[in-house]
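Please open the model in your viewer and colour it by chain. The stops below say what to select next and what is to be found there.

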Amino acid sequence: MTTDILIAILATAVTAGTPILFAALGEILAERSGVLNLGVEGMMLVGAISGFVIGVKTANPWLGLIMAMVAGGSMAMIHAFLCVSLKANQVVSGLALTLFGIGLSGYLGKAMIGVPLPQPFQTVNLPVLSDLPFIGPVFFQHDPLVYLSFLLVPALWALIFKTRAGLNMRAVGENPATADSMGINVFLTRYIYVIAGGMLAGIGGAYLSLAYVPSWMENMTAGRGWIAVALVIFATWNPLSALWGAYIFGGIDALGFRLQALDVMISPYFLKMLPYLFTIAVLILVTRKNLVNRIGSPKSLGVPYDREER
Amino acid sequence: MAVIMLHMNAITKRFPGVVANAGIDFDLRTGEIHALLGENGSGKSTLMSILAGLYRQDEGEIIFKGRRVDFRSPRDAIGAGIGMVHQHFKLVETFTVADNILLGDKRAAFFLNRSKSEASIEGLSARYGLQINPRAKIWQLSVGEKQRVEIVKMLYRGSEVLILDEPTAVLTPREAGELFNNLRRMTGGGRSVIVITHKLQEVMEIADRVTVLRAGRAVATLERDELSERKLAWLMVGRDVVVQHKKEPVHSSNIILDLYNVSALNDQSRPGLEDVSLNIRGGEILGMAGVAGNGQRELAEVIAGLRPVTRGAITIEGRDITNRTPREIIAAGVSHIPEDRLGTGLIPGLGAVDNLILKEYRQPSLARGPLIDWKRARADAERLVDRFNVLLTSLDAPVKFLSGGNLQKLLLAREISACPKLIVAVYPVRGLDIGAMQAVHQLLLEQRSRGAAILLISEDLDEIFKLSDRIGVLYEGRLTGFLPAEHADLEEIGLLMMGSKWTDDMEEQPNDISFTARVTHLL
Amino acid sequence: MTSLLQHGLPICFEKRLAPSRSAVFIVPVLSVILALLTGGVALALSGKDPLAVYYIMFSRAFGSTYGLSETAVRAIPLLLAGLGVALAFRMQLWNIGGEGQLFMGAIAAGWVALSFPQAPAWVLLPAMFAAGGLAGGLWAFLPSIPRAYLGVNEIITTLMLNYVAILTLDYLVYGPWRDPGGYNFPLSAPFGAGAILPAFGDTRIHAGLLFGLIIAVIFYIVIYRSRWGYEIRVIGESPAAARYAGINIPRNIMLVMFVSGAICGLAGMAEVSGVIHRMQPGISAGYGYTAIIIAWLAKLNPFAIILVAFLFGGLQVGGFIAQTSGVPAAMVAMLQGSLLFFVLGGEILLKYRVRWRTRTVGGG
């Protein structure tokens with residue numbers, strides 16, 4: 001009986017962690033190329049609502065997902081234009097993106113509150129794998145987007161560390177002047193990964209509105225975008241670490257949920273605080289550890305590249 | 001041999017307010033080492049940056065191997081076979097040597113095959129005697145090794161023309177000698193090398209031909225057999241050069257700074273300074289020579305209180321200041337002219353008044369309760385700017401818009417006006433033009449006459465010899481020796497810079513240094 | 001694509017040797033106009049007449065004495081929170097936790113008010129003021145400790161604490177503080193008369209406005225005239241130079257964050273004591289976030305913050321009115337966000353001169 005509860009909690013940890021995982025993977029790409037994008041929360045929200053609107057209109061969650069990617073990517077393009085082309089302050093631009101995203105999604109979503117989604121993403125049990133004891137129900141009885149994230153993690157890891165494109169990306173994030181001198185287009189590289197990051201954040205948002213919840217609520221991301229930003233530091237800019245990191249955060253979320261259902265004598269408001277407090281605690285521990293192990297963010301993270309100041 | 005590989009015809013390049021290159025003609029033969037000689041600001045780096053695709057000329061044309069070329073970026077130039085090794089290396093510190101060399105290489109497969117490329121890099125570096133380990137991370141390498149990586153990087157791209165910008169500035173005389181031998185080996189293989197330099201001895205040593213630039217114009221191109229140092233100096237400066245700053249003997253007084261067995265860690269948490277003991281008397285300049293990265297920065301920072309001392313003791317006039325806060329050390333009479341002028345020594349976004357009170361704002365003389373007496377601060381600033389000849393548009397304009405020379409004068413104005421007992425000057429004239437350089441040296445000598453103790457850290461041996469009363473050498477965080485300036489010669493210093501213990505093996509060192517330099521007091 | 005991104009614009013940017021004076025004024029004005037245009041397009045797309053909506057918004061917010069007084073009421077928390085975050089931004093400390101600090105200030109002030117319902121105003125108001133400032137300050141001080149000593153990213157920690165603060169208030173008003181006579185609504189008992197900030201005349205404008213104006217003046221004097229302000233400016237411009245000059249950076253981080261949070265806490269205290277008069281969820285319409293936009297728009301200048309806070313107060317009043325004609329309230333948040341984009345983009349005009357591209361320009 002307790003195993004069932006454990007499996008249920010772990011399975012929820014996976015689904016609860018998935019939106020954070022997508023967003024964190026996107027942020028890893030942006031930050032590896034040297035652009036800090038604090039607009040993840042805003043991009044997720046706009047992704048969630050645009051995906052939901054199309055999901056409702058077409059009754060096809062896949063079309064909704066594509067729309068969410070387009071929306072997240074477009075939001076990220078604003079950030080890229082401001083920070084890469086106009087060399088604006090990345091912190092403030094990211095905050096603006098989040099605030100704008102909260103406003104825009106609220107504006108677009110006004111008519112969508114309480115509207116049911118005709119066709120959410122459905123659970124697909126993977127043949128063979130889903131029958132595995134324990135592992136099966138935890139990892140392989142989910143919707144297709146979870147499986148997409150399983151594929152994305154090793155793919156992005158290989159991209160970053162094993163390919164020429166990844167070498168260029170990391171060089172641009174570490175030392176753009178050097179990359180430029182070796183003929184790598186710093187501006188184009190940053191645009192590409194910031195926008196790709198926005199698309200992934202859009203998927204993360206759409207996962208909430210098209211699979212996890214599935215419906216639209218104002219501010220439904222509830223800080224997950226920010227947790228994703230923290231997760232990137234926790235994962236030391238590595239997609240593989242982001243995977244299990246996201247599931248830990250998802251697990252905290254799921255745990256609060258479960259404890260509430262089990263009628264534990266803790267106020268639900270305190271249980272809801274858990275992910276935020278946990279994020280702070282983890283961030284402090286990880287920053288300390290990274291300091292000791294001399295693991296740092298990409299050297300040029302947050303610094304606009306200006307050719308004249310070579 | 002006399003096949004012309006490259007022509008630059010009537011190159012003109014203007015920057016806002018200056019003409020950096022005014023119709024310069026330059027040509028390069030196949031298989032030659034061609035020195036481009038000129039003072040700082042004479043336009044030699046600009047000319048080569050145009051050739052390397054970093055800038056584009058406003059007028060003029062480049063003919064390379066018979067074809068007119070138009071480089072829009074360094075990639076175009078590298079693709080055509082022209083590679084430049086910059087003074088500030090273009091390397092990604094966290095990457096391996098191999099990854100740096102592969103970076104931006106279009107021929108590499110999408111999925112990197114690291115073992116294959118490492119093998120080919122090893123082969124290439126062995127062929128030219130440029131020993132490097134392709135698997136090492138850049139931040140683990142010495143400056144000389146980093147330079148070899150840069151050269152191999154360009155060879156790997158198939159560069160036929162290799163441009164080196166002040167390549168010996170960061171090398172010991174022996175490393176410089178090795179570099180010149182390797183360059184010879186490359187020209188033997190049909191490549192051509194351009195060396196940008198302002199050092200006459202270097203030109204005499206390696207150049208097949210020399211083009212001298214002065215104030216943005218090419219004043220002469222000379223063949224090897226036409227060269228003499230005196231002639232080159234005259235061409236470069238445009239007037240006869242006389243030895244300046246006759247140092248008046250100063251009667252040095254009591255010991256001001258005393259370091260006893262001081263050790264400290266570097267930024268990588270490894271030993272950066274080990275068992276350094278030294279002292280400086282009032283009215284004495286101690287010149288600290290050594291290749292950059294051998295503990296100079298750490299030495300300056302432990303004295304200024306910016307880096308913790310792990311062992312040993314530091315005193316100022318007998319008062320212990322070991323591991324005191326920078327604030328206490330400033331109060332004890334220590335001035336520090338840091339390597340990073342703009343950003344550490346000065347605050348880029350603030351004006352001259354704000355910058356000039358950086359160390360004095362706590363003094364009762366500037367206080368009006370919790371507030372600062374700005375009227376007085378402004379009056380003081382006006383006086384200092386005037387006295388030190390700092391050229392400003394206004395006292396409130398951000399100082400980041402000032403030229404290097406004016407920045408340094410502003411910084412010195414602040415540091416000297418405090419009448420310090422000790423001045424720690426780190427690379428005080430780096431990047432300055434001749435006029436500003438002389439002004440800075442004059443100020444330091446004045447402080448010596450006033451009785452201040454001065455620790456001068458420099459990688460320019462000419463500067464060290466010109467100003468110092470005693471010379472010390474740092475190698476891998478240790479002091480390898482002390483010499484009185486009048487008895488020191490460049491060869492000895494050069495050996496110490498490579499880590500020889502000067503008493504023991506000084507005699508045993510084979511005299512194979514091809515760099516048969518001697519100290520010239522030309523400039 | 002290369003040339004499109006790097007050289008595609010028919011203009012080029014030439015570095016200015018000194019910041020432009022005229023651009024300092026032109027950029028914000030132009031940004032407001034462009035943001036209104038963007039909002040207008042959004043309104044038109046959703047079938048509303050933008051001019052009519054804007055007319056209603058502006059005439060109601062600024063066109064009558066009542067409208068102006070309501071605008072001022074809304075401007076008070078924005079002014080205080082704007083000053084609070086601006087102080088931290090001065091030192092490049094990204095205090096995004098204004099919202100949470102505002103909530104904690106309100107909670108502490110509310111706790112004082114609810115604990116001593118009968119106490120007279122001359123005791124209660126100073127106590128609420130002190131409690132609100134202290135609680136807000138502590139809420140910002142907590143994340144400043146790991147920031148000062150370990151370099152833990154304060155953006156994330158201050159932001160996470162916003163959620164914690166909001167949930168704390170929810171817990172209190174849904175639980176221990178719920179008014180038994182309140183028909184089960186999540187409301188506390190109303191404050192006693194002694195816990196209410198006096199208002200001006202028969203408007204709702206309360207004494208919190210004075211807090212804001214006085215703090216703005218102190219802010220100015222501290223930053224530009226005092227030794228402490230000088231240290232803040234040096235650290236903000238160049239931490240390396242500050243360290244070199246012997247300025248204690250960790251101590252200043254914690255001190256500045258505390259004061260920044262305390263000012264935001266006062267915004268919360270003023271809001272519950274001056275306007276709401278009880279505790280309830282949603283005491284803030286995102287004031288702590290809007291404050292970030294205000295601070296940046298005002299270039300962190302305290303007097304400009306007064307002006308911008310007033311304009312944004314009007315925007316919020318106007319947005320509230322526009323809701324009655326079917327425009328979602330989120331329109332205001334969207335306008336504010338896009339305004340910040342334009343201001344950020346416009347800042348390039350301060351640093352660069354825009355020139356039409358001519359043929360011979362090279363390099364980059």
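Select the side of chain B that touches chain A: 16 residues of chain B are in contact with 15 residues of chain A, two residues being in contact if their C-beta atoms, placed from the backbone, lie within 7 Å. Helix 2 (74-80) and helix 3 (97-102) of chain B each supply at least two residues of this side, and helix 2 of chain B gives the largest share, 3 residues. Helices (H or I, at least four residues) and strands (E, at least two) are DSSP runs, numbered from the N terminus. By type, this side of chain B divides into 10 nonpolar, 3 polar and 3 charged residues, where Ala, Val, Leu, Ile, Met, Phe, Trp, Tyr, Cys and Pro count as nonpolar, Asp, Glu, Lys and Arg as charged, and the others, Gly among them, as polar.

Before going further, note that this is a predicted model, in which local features need pLDDT of at least 70 and side-chain atom pairs count only at pLDDT 80 or more, while totals for chains, interfaces and linings use all residues. Residues are numbered from 1 along each chain as its sequence is written, and chains are lettered from A and ligands numbered from 1 in the order in which they are written.

Now colour chain B by pLDDT, the predictor's confidence in each residue, from 0 to 100. Chain B averages 86, and 92% of the residues score at least 70. Select residues 502-523 of chain B, over which pLDDT stays under 50. Where pLDDT is low, the predicted coordinates should not be read in detail.

Next, select the contact between chain C and chain A, which takes 43 residues from chain C and 45 residues from chain A. Helix 14 of chain C supplies the largest share of the chain C side, 11 residues, and that side divides into 29 nonpolar, 11 polar and 3 charged residues.
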